[in-house]
Amino acid sequence: MKEKGYVMHVQRFSLNDGPGIRSTAFLKGCSLRCAWCHNPESWKTEPQTLYYEKKCVHCGACARGGAEACLYGARVMVGRLCSAEELVTLLLRDMRFFACGGGVTFSGGETLLQADFTAVCLRELKKAGVHTCVDTALHVPAEAVQAVIPYTDLFLADLKSINPDVHRQITGAGNHMILDNLRLISRTGIPMWIRMPLAAGINDSPEDLRKTADFLSGLAGVVRVDLLPVLDHADEKYRALGLEPPRFSRDVDVAALIHRAAGYLDTDSRGTLPLHQII
Amino acid sequence: MNTGEILENFTRMISGMEVSVPEEGILAGPVRPIRHAMASSRFVNYGIGWDNAHFPLDYGLLMREGIPGIIRRASRPAENLSREAAEYRRLVADCWRLISGYIRRHADAAEELASSCPEDAARLERISRNCRSLTERPPESFEEGLQLFWFIWRLRAYYTSSIGRMDRHLYPLYARDVPDRISREEACGLLIELFGLLTAVHSGDTLMNLMVGGTDEEGRDSTNDLSLLIIEASIRAPGSEPHINIRLHENSPESLRDAAARMIADCRGQGVLYYDRNIIPDLVRRGIPVEYARSYANDGCTELTFDRHSAIWFWQMESMKTLELALFRGTENPAAPHSEYRKWAAWQPARLFESKLRFGFDSGDPCDCESFESFLQLFLRQFRYQIRCMLEEISREIIRNEAPDGPLTSPIAAGLVEKTLDTGTDPMRGGWEVRNYQLLSGSLPTTADCLYGIRRAVFDEQRCTMAELLEALQGNFEDDEPLRAWLKQLPKFGNDCDETDFLAAMLADEFCTCVEEYEDPSGVMILPGIYNIDFNMFASVLGASPDGRKAGDPICAHFSPTPGCAVSGPTAVIASASKAALHRGCASSPLYLSLPRAMGALDLQHIRTLIDICGEAGLPIVSLSVYNRELLEDARVHPEKHGDLIVRVWGFNARFVDLDANLQDHIIGRIL
């Protein structure tokens, strides 16, 4: 396992990235620039520094020792080159929790931009008997998807808009490759959860949602569709990168937005509800 | 105090007790909120003999024999009794006769009210009938059983007491009634009424621990429908009492595990989990007969008692203060605060707190240590010394308790000990089969974080000398902020970091070994527990510490991470705790795991998984809670809006708004 990859973060007890209790590896680098992105620090593949001005006590340690010398979490290094062996070892630390329907998810950024690294890690995890998910926006060449197919139990695949113009407008790229990759996965029979971020007035037009429903009904393996409202969650991170935070879904009835969209999708549409909505 | 004085005091106590027939509901007997009594300085010891109220009585015996049976057994002729034993037995019988008379007064009062209140006569006559029956025979219905429990529980201690395995003791009456005589729903209503009365006592650190599930003495699963109904009633009842504890083992039914998950998801800190597999074998290893080990429940907090077979005595030795004594050569950090504290509630009077550690033992000059290993040995000398001092203190207490002229146990408690009824043996001197004396460790994980800080700062990276570190601690880091910040950001226990976790595990092992190897002159096997009770009070008398903690900042509870230090999620916390052989701390070694309610898509299945895995990971006791952090924070600012918020404190649940501010901080700080 000599392969190395750029890893942004490993989240243990991850409950939103597939079934059960999981550990999620977020890899760095992304091929899309979604307007509402919650993880702008994931765009570049290389490690970078975030600066949280509010936490800075102006001690000057960073001037002498770089971001790693910061003791107050004001300068934070995001991303590091990590070997597959190291990453898999870390992911396996929660092995005992995976037995009850959980496992490991590779996410990003776009994990399939580092498809070979992802595939090696997944292969080792499968050897250890772990359930594997790949959470991807699929804006990658087909070969990248094919590289992980043998080791993937479940795909969590984003579909931001069925409409290529809208897709380009909100992500900076068309959706041709994405739809082709969804068809590719469909042919393998590997189950998929489709995840659709919804921004009011942007990608929720009835016509596009109807087309989405038609498209999904032609795919095998779609076992679940998650409709995820786009919210402003990442203001601090944008500022820490010196960027202006985007504004979405302000003053929007999110529940109504999801309910209306679910009505168009002739599928078992359910969001991943937090505890207080279930109990 | 002799039997004559106790009888005199008991008579005065009973005659002064109010007779209380409820305006609604069916359970008679006074509530008397403790808060009112304490605030008005009427908190008195009646002088009716020893009973620390921290252990459950044999309520099974109470249900089987009833009051007349207890009086009969204590009065039955017995040969070859010493004069003392005969006198003590007579005292027990006399006191239970007084109890019977007190209950009869309720029967009479309810009957009189019924005659003057025809529209409510049916209910009042029912109360009267129940009470009168209890003076004539054992209870014959679930309702009578609950009524009898409530009277005895209420009389036993002026304030509050432990409850024990109610699902075992009341099940025969429950099974007789449900569903043929009353519906399950009606039984639930009765439980909710009882729980309402317990809540109305409003005692803060309430000791009202109730255990469900587990096994019988032969090791068979003893979960029954009443176990599940108690959990259901607790979820439906609006108050904080009683505190529900759930014993799980390999053969516990899915229904019990599911009920535990539902209770935890209810966000009120209810449902502490006890894993038999990680508790019973070590109790047996410590010499407790297996049938008694299998009967364990918990006391007023989380420590184990042996339901029907023991009382409990416990001492705590704070390891963080011990570290301070090691660093300052047997004295406190000169800058250690001596602020006043409140034990738990904002309405209690503030007092100065004493650590009960022995000052003056110089375990060596830390500045002479040339390696971390030599410093560790220096600390362990102090640690072992303090443990030894505490153990010797316990031994002296055992001798006092077991001396022929030792204190007499309260006749209420003694009346529910089979051997005492038959032989007049005081429970403390042979009536209870298990001599349950415990030593608790204090805050080992925070201590481990401190040791790790010393290792990195002074020895591995030489950021400062030991003398400079001590100076920084004396100055509360006021002039050493960069050092404090650096210490603070080092890995801490609770993040699955081997360096800190194995230090904590080593301390736990060392503590248990010291306790296990101690030979008590009276032959008692003192039980070790990785546990602390007054962590917030100890924090208030601790100076700054080498984990980057400033004076007065919180220390951890039990074997849990220091508040705010676990940043890698609950699986990492479980992994950290599971590196220690916590089962050795068989008196009680709990982990607190508080999850935020808004944690992703957290659902019942995730909680179920955590419940199962904690047991598989070797943890003996887990307080798994889900809290709404935003709500708790709002409750600090607007207590008037959140009177119904209930949280787990150390071994008890309380209304969040009643707690002292530093305990409120601790509870919010624990949330991952």
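Colleague: Among contacts in chain A between residues at least 6 apart in sequence, what percentage joins residues at least 24 apart?
Modeller: In chain A, 73% of those contacts do. A contact here means two C-beta atoms, placed from the backbone, within 7 Å of each other. This is a predicted model, where local features need pLDDT of at least 70 and side-chain atom pairs 80 or more, while totals for chains, interfaces and linings use all residues. Residues are numbered from 1 along each chain as its sequence is written, and chains are lettered from A and ligands numbered from 1 in the order written.

Colleague: What does the radius of gyration of chain A say when set against a compact globule?
Modeller: The rule is 2.2 Å times the number of residues to the power 0.38, over C-alpha atoms. For 279 residues that gives a value near 19 Å, and chain A has 19 Å, so the two agree. The C-alpha trace of chain A spans about 60 × 45 × 40 Å along its principal axes.

Colleague: Why is E125(B) called partly exposed?
Modeller: Count the other C-beta atoms within 10 Å: 20 or more means buried, 12 or fewer exposed, and in between partly exposed. E125(B) has 15 such neighbours, so it counts as partly exposed. You will find E125(B) in helix α5 (residues 121-136) of chain B. In chain A, 43% of the 279 residues count as buried.

Colleague: How many helices and strands does chain A have?
Modeller: Chain A has eleven helices and ten strands.

Colleague: How many residues does each chain bring to the contact between A and B?
Modeller: Chain A brings 21 residues and chain B brings 26. On the chain A side, the largest share, three residues, comes from α11(A). By class, that side has 13 nonpolar, four polar and four charged residues. Nonpolar means Ala, Val, Leu, Ile, Met, Phe, Trp, Tyr, Cys and Pro, charged means Asp, Glu, Lys and Arg, and the others, Gly among them, are polar.

Conventions: Helices (H or I, at least four residues) and strands (E, at least two) are DSSP runs, numbered from the N terminus.
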